[in-house]
Amino acid sequence: MAITIDGWAISEIDYIAGFKAGANLFELSEVQNFTLNNTEEVKEFTGKNGSIIENIKTTKGCTGSGSNGVLSGGLMKFQTGDDSEATTPIVAYKQQFEVTDASTVTYALTKKVSSTVTAGAEVGYVYVQSGNDISRFEQATSAEAGKFSYSSSTGITFADGALKKGDIIWFWYEIDVNADNNMSGEVVNNYSDKYAGECELIVSGLAVKCGVEAEFQIRVPRASFSGNWSLELSDSQTAHGFEFTSLKNRCTKTDNKFWSFAVFADEATA
């Protein structure tokens, strides 16, 4: 069967991928939806009694949008313009515990404080809830009323009698997400002076007609991604959305398309 565009139904999007100079910048494999918007302007000429006697079509344009069902670090870096090398994330870590023995005044930290933290400010404040009352302790060189001391080898120390059995203690401190803390992670930074990028975009998936399956592929040679996007966090699923504008390829006189759409299959399959 000769493959033509006619009659095919798009049943599935397998992936959306972005490329720059041959390098795969990101790939979305849980695509929820994708839309390709095509526009053009019409200039109208009128005659007697305002009747339209001619029109000229001009200013073609193309935009696109979509969403992925899970987060993509590569897409997020592309949308923010973050081209920095991978670095170790530094995060605020919360530690909380209950006092089971009031005579115990020293408590170890379960993670190592980040090396970027200034000495004397490793743990800024410690909060202690005793019944309905909450007290705030600040770090000092020695433990005394309303203050605690910190040591990298032992942790935080309170003054004798500062705690009671059943008290709840919590505090935050900065940690490096690395092997020293038995952790790993990745960070994306949204710098104020960097912007969303441009890439070749490929949308690929499955098409069906009369029980026969084929592949389809949309190629956008120059997709300029928008830095206007939202990351909505709630008790519902967080989708990763994106928008782009297709640009004319002004670097070539022979290939000035906004996009191409192909349907294809192996001859044995077709």
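How far apart are the mean positions of the positive and negative charges of the protein chain? I looked this up in what is a predicted model. The mean positions of the 21 positive and 35 negative charges lie 8 Å apart.

**Entry 1: overall form**

I listed the secondary structure and found 1 helix and 15 strands in the protein chain. I then compared the radius of gyration, 30 Å, with the 18 Å that the globule rule gives for 270 residues; the value is well over the rule, so the chain is more spread out than a compact globule. Along the principal axes I read a C-alpha trace of about 95 × 60 × 40 Å.

I noted that buried residues make up 32% of the 270 residues. Among contacts with a separation of 6 or more, 68% join residues 24 or more positions apart.

I traced an open sheet of 7 strands in the order 5-11-7-8-9-10-6, with mixed pairing. Strand 5 (90-98) and strand 6 (106-107) are its edge strands, each pairing on one side only. Strand 5 runs antiparallel to strand 11 (residues 168-176), and 9 bridges join the two. Within strand 11, I found I169 opposite F97.

**Entry 2: T154**

I located T154 in the loop between strand 9 (147-151) and strand 10 (155-157). Its relative accessibility is 38%; because this falls between the 20% and 50% limits, T154 counts as partly exposed. Setting aside neighbours within four places in sequence, I found T154 in contact with T106, Y107 and A108. I also checked W172, which is 18 residues from T154 in sequence and 17 Å from T154 in space, C-alpha to C-alpha.

**Entry 3: strand 12**

Is strand 12 largely enclosed or largely open? I found 9 of the 12 residues of strand 12 (residues 198-209) buried, so the strand is largely enclosed by the rest of the structure.

I next looked up the pairing partners of strand 12. Strand 1 (residues 9-20) is joined to strand 12 by 9 bridges and runs antiparallel to it. Here A17 has I202 as its bridge partner. Strand 13 (residues 212-225) also pairs with strand 12 in the antiparallel sense, over 11 bridges. In strand 13, I218 stands opposite V203.

How values were computed: Residues numbered from 1 in each chain as written. Predicted model: local features only at pLDDT ≥ 70, side-chain atom pairs only at ≥ 80, totals over all residues. Heavy atoms only, no water. Helix = DSSP H or I, 4+ residues; strand = E, 2+ residues; numbered from the N terminus. Rg over C-alpha atoms; globule rule 2.2 N^0.38 Å. Buried < 20%, exposed > 50% of the residue type's maximum accessible area, 1.4 Å probe, protein only. Contact = heavy atoms within 4.5 Å. Lys, Arg positive; Asp, Glu negative; His and termini not counted. Charge placed at Lys NZ, Arg CZ, Asp CG, Glu CD. Pairing = 2+ DSSP bridges.
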